[in-house]
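Me: Could you walk me through this model, feature by feature? I would like the general idea and then the case at hand.

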Amino acid sequence: MTTALTRRDRRISPVFLGIVAVMAVSGWAVWTEFSASTGFAVFLFVTSAWIVSLCLHEYAHARTALHSGDISVGAKGYLTLNPLKYTHALLSIVLPVLFVIMGGIGLPGGAVFIERGRVQGRWKHSLISAAGPLTNVLFALVCTAPFWLDALAGVPDPFRYALGFLALLQVTAAILNFLPVPGLDGYGVIEPWLSYRIRRQVEPLAPFGLLLVFAVLWIPEVGGLFFDAVDAVLRSLGVDDWRTGRAFYQFWDGDPDLASPVSP
């Protein structure tokens, strides 16, 4: 049984630091328009920043679990921010990145494995589940701060559009993750307060919750309503054009013409 955390358990992974370095360098390339392809620089910047946010999302789950009684998260490597240590690296990193590339949506991934038996108290269980999407909310506020603080003077247009698209990913991830669907964090928030009978009935649905959300969003009418709601949230934060950021991100279609509006 794990009784204490070692310095190695807490040390930030070189893998994570490498991803942060890619984010910093590509962000500089977008800001200065140093790259021959601004779109490719935006792609690297947004993708690496998205992976960083996914790592922080899972770290928030693990850190909250640690302070709630599950000290096993240290031995599992969850506190190192290394995405390769996640229980389901495919669900936590690969699929969310693919969803961004395919359609520009911050679909939530899999979570770290928490030994719930070590945690006592329903509020603690709920907080562990809520910590991840709350990190996305915080990340969205950071990305949109230049917009709602009216501090965009001197910010190059490509960087501004990239921030807007990154904010879109964080907002969609937060909203979708808070849905009370088995397998997602929103259900984890309410699960401790449900009866044992209900929890047993919905437990078999947990592995399919993410696929269910994706399938429903694929319905044009539902997807349209969802993006309208997300667009309203972003506009309230001062972001009025994330579509141009998505157009830059999809560099394989060529950099957009800033003189012409980008279609939805």
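Here is the dialogue on confidence, salt bridges, a surface patch and backbone angles.

Me: What should I know before reading the model?

Reply: This is a predicted model, where local features need pLDDT of at least 70, side-chain atom pairs count only at pLDDT 80 or more, and totals for chains, interfaces and linings use all residues. Residues are numbered from 1 along each chain as its sequence is written, and side-chain values use heavy atoms, with hydrogens and water left out.

Me: Which element has the lowest mean pLDDT?

Reply: pLDDT is the predictor's confidence in each residue, from 0 to 100. Where it is low, the predicted coordinates should not be read in detail. Here the chain averages 88, and 92% of the residues score at least 70. Helix H5 (residues 89–103) has the lowest mean, 74, while H2 has the highest, 96. Helices here are DSSP runs (H or I, at least four residues), numbered from the N terminus.

Me: How many salt bridges are there?

Reply: Side chains of opposite charge can pair when their charged atoms come close. The rule asks for a side-chain nitrogen of Lys or Arg within 4 Å of a carboxyl oxygen of Asp or Glu, and the count comes to seven. One of them joins Asp-70 and Arg-118 at 3.6 Å, N to O. Asp-70 sits in the loop between H3 and helix H4 (72–75) and Arg-118 in the loop between H5 and H6, so this pair ties together parts 48 residues apart in sequence.

Me: Is Asp-70 buried or exposed?

Reply: Buried means under 20% relative accessible area, exposed over 50%, and partly exposed in between (1.4 Å probe, protein chains only). Asp-70 counts as buried because its value is 0%, whereas Arg-118, at 26%, is partly exposed.

Me: Which residues are linked with this pair in a network?

Reply: Asp-70, Lys-76, Glu-115 and Arg-118 are linked in a network of salt bridges. Within it, Glu-115 and Lys-76 have their closest N and O atoms 3.0 Å apart.

Me: Which residues form the positive surface patch?

Reply: Patches use residues with over 30% relative accessible area and no salt bridge; like charges are joined within 9 Å, nonpolar side chains (Val, Leu, Ile, Met, Phe, Trp, Tyr) within 5 Å. Here Arg-7, Arg-8, Arg-11 and Lys-85 form the positive one. Arg-11 is in the loop between helix H1 (7–10) and helix H2 (14–32), and its 51% relative accessibility makes it exposed.

Me: Where does Glu-33 lie?

Reply: Glu-33 lies in the loop between H2 and helix H3 (38–68). Its phi is positive, near 55 degrees, in a residue other than glycine.

How values were computed:
Areas by Shrake-Rupley, 256 points an atom, 1.4 Å probe, with all protein chains shown as cover. Lys, Arg positive; Asp, Glu negative; His and termini not counted. Charge placed at Lys NZ, Arg CZ, Asp CG, Glu CD. Helix = DSSP H or I, 4+ residues; strand = E, 2+ residues; numbered from the N terminus.
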